[in-house]
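Please look over the protein shown below, with its sequence and its fold side by side. The briefing that follows goes through its inner spaces, its salt bridges and parts of its surface.

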Amino acid sequence: DGRSQASVDAPAALFFGAGTLYNRDQREYLVRGFPMNIHYGATNVELSCYFPMPFFKSARVELIGPANESVSNIQWQIISRRFREPPSSVGYFHASYRDHPHPVMGCDLVLLDTREIEGGGDWSGSFAGNSWIFSDRANLGTLEGDPRFFFDDSQTPQTQGTGTEEWGGGGDYWGGVNMTLPFAGHPTGAAKAATAQNSEDKIESAYRFLLADLMPFGRNARICLEHGGEDQSTEHYQTVTYWY
């Protein structure tokens with residue numbers, strides 16, 4: 001709709017639910033989620049997104065290679081249908097990427113603050129989930145950090161979890177096992193650095209998708225995550241937050 005900034009701006013693998021496309025166990029599905037899939041065929045990798053993305057005037061989809069290099073051997077399909085309901089009944093889809101190379105000790109990571117998006121101001125919408133990298137060194141200890149979500153200027157979190165892995169659908173660090181479920185998963189990352197097959201295998205990632213359990217807000221949303229149990233981890237995080 002002619003907006004000056006992209007509503008979706010994120011690394012491809014992380015947008016589709018995984019920190020990397022490295023498939024250690026040669027699984028058919030790296031991510032088999034309800035709104036996102038990463039499927040391995042005989043000769044290609046298929047990345048699918050089923051989040052609705054309403055628009056009313058125009059839509060432009062771009063795929064940009066690393067360091068603006070050319071992108072080749074890509075095929076794509078975009079499916080659209082006429083929207084017949086009132087425009088006020090839907091919102092724009094967003095996938096907001098944040099890089100956190102040097103987490104600040106004692107301060108939560110801010111994955112999304114809608115007051116700082118596309119010029120700021122008030123937004124009325126819904127939080128729809130996350131995909132995130134929490135280590136690129138196969139360090140699972142940072143998972144003690146809690147997710148904390150603040151809506152509409154609240155000074156205390158309306159939602160607070162007991163740890164990062166629970167938000168990603170697992171307990172006890174998923175037992176070190178990779179897994180993918182419709183709404184949560186730990187698709188990539190070796191159980192420990194000593195067993196990693198290469199540097200890509202050390203990239204630990206998780207996802208959590210919200211659909212029937214969207215978290216609404218009327219003015220703003222601030223989505224935060226502790227890095228380590230007391231915000232003491234120095235791991236390199238990368239995050240994508242989905243919201244309408």
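The lining of the second largest cavity divides into seven nonpolar residues, one polar residue and no charged residue, where Ala, Val, Leu, Ile, Met, Phe, Trp, Tyr, Cys and Pro count as nonpolar, Asp, Glu, Lys and Arg as charged, and the others, Gly among them, as polar. This is a predicted model, in which local features need pLDDT of at least 70 and side-chain atom pairs count only at pLDDT 80 or more, while totals for chains, interfaces and linings use all residues. Residues are numbered from 1 along each chain as its sequence is written, and side-chain values use heavy atoms, with hydrogens and water left out.

**Cavities**

- Rolling a probe the size of a water molecule over the atoms shows where empty space is left.
- On a 1 Å grid over the protein atoms alone, a cavity is a set of points where a 1.4 Å probe fits but cannot get out, a pocket is an open set with protein on both sides within 12 Å along at least five of seven lines, and lining residues have an atom within 4 Å of a point.
- Grid points are joined across faces, edges and corners, and a volume is the space filled by probe spheres set on the points.
- The count by this rule comes to two cavities of 30 Å³ or more.
- The second largest cavity, with a volume of about 40 Å³, is lined by Leu-111, Asn-130, Trp-132, Pro-147, Phe-149, Trp-167, Cys-224 and Leu-225.
- Two or more residues of the lining of the second largest cavity come from each of β7, β8 and β14 (221–225), these strands being DSSP runs (E, at least two residues) numbered from the N terminus.
- The largest cavity holds about 50 Å³ of space, and the residues that line it include Thr-20, Tyr-22, Arg-24, Arg-27, Glu-200 and Asp-201.
- By class, three nonpolar, five polar and four charged residues make up the lining of the largest cavity.

**The second largest pocket**

- About 170 Å³ of space lies in the second largest pocket, and of the 13 residues that line this pocket, Gln-5, Ala-6, Asp-9, Ser-96 and Ile-117 are the closest to its centre.
- Strands β1 (8–9) and β5 (94–100) each supply at least two residues of this lining, and β5 gives the most, with five residues.
- The lining of the second largest pocket has five nonpolar, four polar and four charged residues.

**Salt bridges**

- A search of the whole structure finds 10 salt bridges, each defined as a side-chain nitrogen of Lys or Arg within 4 Å of a carboxyl oxygen of Asp or Glu.
- Asp-108 forms a salt bridge with Arg-148, with the closest N and O atoms 2.9 Å apart, and this pair links distant parts of the chain, as Asp-108 is in the loop between β5 and β6 (109–113) and Arg-148 is in strand β8, 40 residues apart.
- Arg-148 counts as buried because its relative accessible area is 17%, where buried means under 20%, exposed over 50% and partly exposed in between, with a 1.4 Å probe and protein chains only.
- The side chains of Arg-115 and Asp-113 also meet in a salt bridge (2.9 Å, N to O), in which Arg-115 is partly exposed, at 40% relative accessible area, whereas Asp-113 is buried, at 7%.
- Arg-24 and Asp-25 meet through their side chains in a salt bridge (3.6 Å, N to O), and a network of salt bridges links Arg-24, Asp-25 and Asp-201.
- Arg-24 is partly exposed, with a relative accessible area of 22%, and Asp-25 also counts as partly exposed, at 45%.

**Surface and loops**

- Val-61, Leu-63, Val-71, Ile-74, Trp-76 and Ile-78 form a nonpolar patch on the surface, with about 680 Å² of accessible area together.
- Patches are made of residues with over 30% relative accessible area and no salt bridge, with like charges joined within 9 Å and nonpolar side chains (Val, Leu, Ile, Met, Phe, Trp, Tyr) within 5 Å, and accessible areas come from the Shrake-Rupley method with a 1.4 Å probe, where for residues only the protein chains shown count as cover.
- Val-61 sits in the loop between β4 (45–49) and β5, and Val-61 is exposed because its relative accessible area is 66%.
- Leu-140 is found in the loop between β7 and β8, and Leu-140 is buried, with a relative accessible area of 9%.

Note on methods. Helix = DSSP H or I, 4+ residues; strand = E, 2+ residues; numbered from the N terminus.
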